[in-house]
Amino acid sequence: LVEGMLFMTKRLLGERVELKLRPEAELWTVQADPAQLEQVVLNLLVNAREAMPEGGTVTLTTENLTLPSHRVVALGLSEGRDFVRLTVADTGPGVPAAIREQIFDPFFTTKESGESTGLGLTTVYGAVRNSGGAVEVLDGADGGAVFHIYLPRSSARREPEPEVEPGPVDSLPATQRANVLLVEDQDEVRAATAELLEQLGHRVITAGSRDEALDQLEQHRGTVELVITDLLMPGGGGRELVEELRRRKLRQPALFISGYQDDPDAGSRQDLAELGGAVLGKPFSARELQRAVAKALRSSPKG
């Protein structure tokens, strides 16, 4: 799973951050939701990138571990002593001991108002706990933050999937490709997402703001088949953009991208659905993007 994500993770980390992968050859089986584990990895890698604005190194390690009983108890784990450990270590400033107990709280942030709020360590904690695992945060030997994810070894045998699903960047048949307008204010996320869409065979126009998106729609009037937009952006977010499209009688379906802490509640989701849009949580895996785009293209705005 981790190796299959390397294409997207390298793009998200950017040129200043080096990614090192140290996998164990024969990992034990764990029982977990692959999409949730992908989100865990993306959350930790992107937060590591934000901790190193001048660049650095992120090391991703997977290994089998048999823990002594006292460590199992200390980590709050309930069964067994055999675990698969996924580690994400960076060379940034690290996580101060004083806030380590708070970083998984839903609304905790170290950023000033208006700055990026990270990508949801609460999501990491919840996904790992759903898998019966635990998260541990430590200082690295040479500085930086070390996040250990412990997942219990499973005795269950993996069943073959009934259908072979396309790989995350496999090109789609010509009948499933579309002209897509991608609106995202973060340059690296926009570039990585655009490349993924192009790998799938879509034709992509990009914009970094609501106003730029409206200009692009005017220039490519009648050819854009889907609008993918960040929900919250400086100067007007995705909701405002799509509301303006509807005022202009433009009926393209929309796919809203939302960071965890800004994820709309059920009522807001209904409002977005009435505008002709679904919500995809950020960060997302390549496969989740592929599925969300396919579903959005099959939909149409109400009214």
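In which strand is Thr59 found? Thr59 lies in strand S2 (residues 56-66), where strands (E, at least two residues) and helices (H or I, at least four) are DSSP runs numbered from the N terminus. The model is predicted, so local features need pLDDT of at least 70 and side-chain atom pairs count only at pLDDT 80 or more, while totals for chains, interfaces and linings use all residues. Residues are numbered from 1 along each chain as its sequence is written, and side-chain values use heavy atoms, with hydrogens and water left out.

- Apart from neighbours within four places in sequence, Thr59 is in contact (heavy atoms within 4.5 Å) with Lys20, Arg22, Thr87, Val88 and Ala89.

**The sheet**
- Five strands form an open sheet with mixed pairing, in the order S1-S2-S3-S5-S4; two strands pair if DSSP finds at least two bridges between them.
- Strand S1 (17-22) and strand S4 (134-139) are the edge strands, each pairing on one side only.
- S4 pairs with strand S5 (residues 145-152) in the antiparallel sense over six bridges.
- Opposite Leu138 stands Val146 in S5.

**Helix H5**
- The 13 residues of helix H5 (residues 187-199) should span 18 Å at 1.5 Å a residue (1.5 Å times one less than the number of residues), and the end C-alpha atoms are 18 Å apart, which agrees.
- Buried residues of H5 include Val189, Arg190, Ala192 and Leu197.
- Gly201, which follows H5, has a positive phi, near 105°.

How values were computed:
Buried means under 20% relative accessible area, exposed over 50%, partly exposed in between (1.4 Å probe, protein chains only).
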